[in-house]
Amino acid sequence: MVVEVEDLVVRYGRGRSAVTALDGLTLTAARGQVTAVLGPNGAGKTTMVETCEGYRRPSAGTVRVLGLDPIRDRRRLLPRLGVMPQSGGAWPGARAEELLRHVARLYAHPLDVDMLVERLDLASCRRTPYRRLSGGERQRLSLAMALVGRPELAFLDEPTAGLDPAARRATWELIEELRADGVSVILTTHLMDEVERLADQVYVVDHGVVIASGTPAELTTRGAANTLRFRGPAGLDLRSLVAALPEDCAVSEPSPGHYLIVGKIDPHLLATVTAWCAAHGVMPDALAVERHTLEDVFLELTGRELRR
Ligand SMILES: Nc1ncnc2c1ncn2[C@@H]1O[C@H](COP(=O)(O)OP(=O)(O)OP(=O)(O)O)[C@@H](O)[C@H]1O
């Protein structure tokens, strides 16, 4: 495990005005994987990442990063980490390329700066002072600065927030390459498609605790079962269809001629349904499988939307 967080509590302030940002958070991240921490605004994602980076002291609980204590072993840890903070962290007057080259010089075996500039589409703003960069350019430069040192473990705090679709795709591709190179990535996000595309393991966090975890596929198929819909003649004999399906499937006709099957929808089940239709002379129109998204899962767990 590259990150082990156990019963982590982090409070800001004291007394009555204290805010408990993390309230007993437990998670682990495996080497060479992309681990996503997903949650709405204020869930505690940034606090968790900053505590792993050694910027925040736990009020209780333990944190180990690459087997080390982020505060006590900070000097040994920092050269092995890549950190992309949510905002800022650069000198306003320094030019984009200058900043990146400066950071690259702090590491023993940096990546090729020109390659990163090219990959993250920063060529047109090489000479632009940081304070004049657009939000998206800052974001991409910040990612380049996190990766240039060839980190073993990269913490990326909402790496694609505010990026246009092309920049988002370029960022995703870069993260996939990092994983292919054996880099471990901890990613915070509130974007479903990002998690579904990139994450090996997801922790859904709300109010400072983990409320669900698993692979994206596990999270979207468990509990909240998937749905198969089709249209056909009204009043089909559903008892015979139910008999043909696995026990945990529910079949209904919510309105005449509209059929709904709720359960684990896999290719086998699809074949059973179409075979049943064929045997009964039914043409299933508008046959559609609806997969639950992580958004649905979050809504079911908390009763709230993930995006606010
Ligand atoms: N320095 C601080 N002082 C006081 N409260 C803070 C501080 N930083 C964060 N908080 C509070 O702690 C809670 C968790 O914030 P945090 O930034 O970790 O959440 P987040 O999940 O990263 O949110 P976002 O998606 O908006 O970045 C919030 O209620 C926030 O207001």
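Ala, Val, Leu, Ile, Met, Phe, Trp, Tyr, Cys and Pro count here as nonpolar, Asp, Glu, Lys and Arg as charged, and the others, Gly among them, as polar. This is a predicted model, where local features need pLDDT of at least 70, side-chain atom pairs count only at pLDDT 80 or more, and totals for chains, interfaces and linings use all residues. Residues are numbered from 1 along each chain as its sequence is written, and side-chain values use heavy atoms, with hydrogens and water left out.

**Whole protein**

Start with the C-alpha trace. Along its principal axes it spans about 70 × 50 × 35 Å. Switch to cartoon: the protein has 11 helices and 13 strands. These are DSSP runs numbered from the N terminus, with helices as H or I of at least four residues and strands as E of at least two. Of the 308 residues, 45% count as buried, meaning under 20% relative accessible area with a 1.4 Å probe and protein chains only.

**The ligand**

Select the ligand and its shell. There are 13 residues around the ligand, and Gly42, Gly44, Lys45, Thr46 and Thr47 come nearest. A residue belongs here if one of its heavy atoms lies within 4 Å. By class, the shell has five nonpolar, six polar and two charged residues.

Now show the polar contacts, pairs of N or O atoms within 3.5 Å.

- Lysine 45: an N or O atom of its side chain is 2.8 Å from a ligand oxygen.
- Glutamate 158: an N or O atom of its side chain is 3.0 Å from a ligand oxygen.
- Alanine 43: a polar backbone atom is 3.1 Å from a ligand oxygen.

Taken alone the ligand exposes 630 Å², and the protein buries 63% of that. The areas come from the Shrake-Rupley method with a 1.4 Å probe. Color β2 (19–29) and α1 (45–52), the elements that give two or more residues to the shell. α1 gives the most, with three residues.

**The largest pocket**

On a 1 Å grid over the protein atoms alone, a pocket is an open set of points with protein on both sides within 12 Å along at least five of seven lines; a cavity is a set where a 1.4 Å probe fits but cannot get out; lining residues have an atom within 4 Å of a point. Points are joined across faces, edges and corners, and a volume is the space filled by probe spheres set on them.

The largest pocket has a volume of about 550 Å³. Select Tyr55, Val83, Val103, Tyr107 and Met145, the closest to its centre of the 22 lining residues. β5 (81–84), α3 and α5 (135–147) each give two or more residues to this lining. α5 gives the most, with five. The lining divides into 16 nonpolar, five polar and one charged.

**The second largest pocket**

About 240 Å³ of space lies here. Select its lining, including Leu111, Arg119, Arg150, Glu177 and Asp181. α4 (113–119) and α6 (165–180) each supply at least two lining residues. By class, this lining has eight nonpolar, no polar and four charged residues.

**The cavity**

Which residues line the largest cavity? Select Ala96, Glu97, Leu100, Val117, Leu122, Arg126 and Leu141. Helix α3 (residues 96–105) gives the largest share of the lining, three residues. By class, there are five nonpolar, no polar and two charged residues.

Key:
Polar contact = N/O pair within 3.5 Å; in protein donor to acceptor, adjacent residues only side chain to side chain. Buried < 20%, exposed > 50% of the residue type's maximum accessible area, 1.4 Å probe, protein only.
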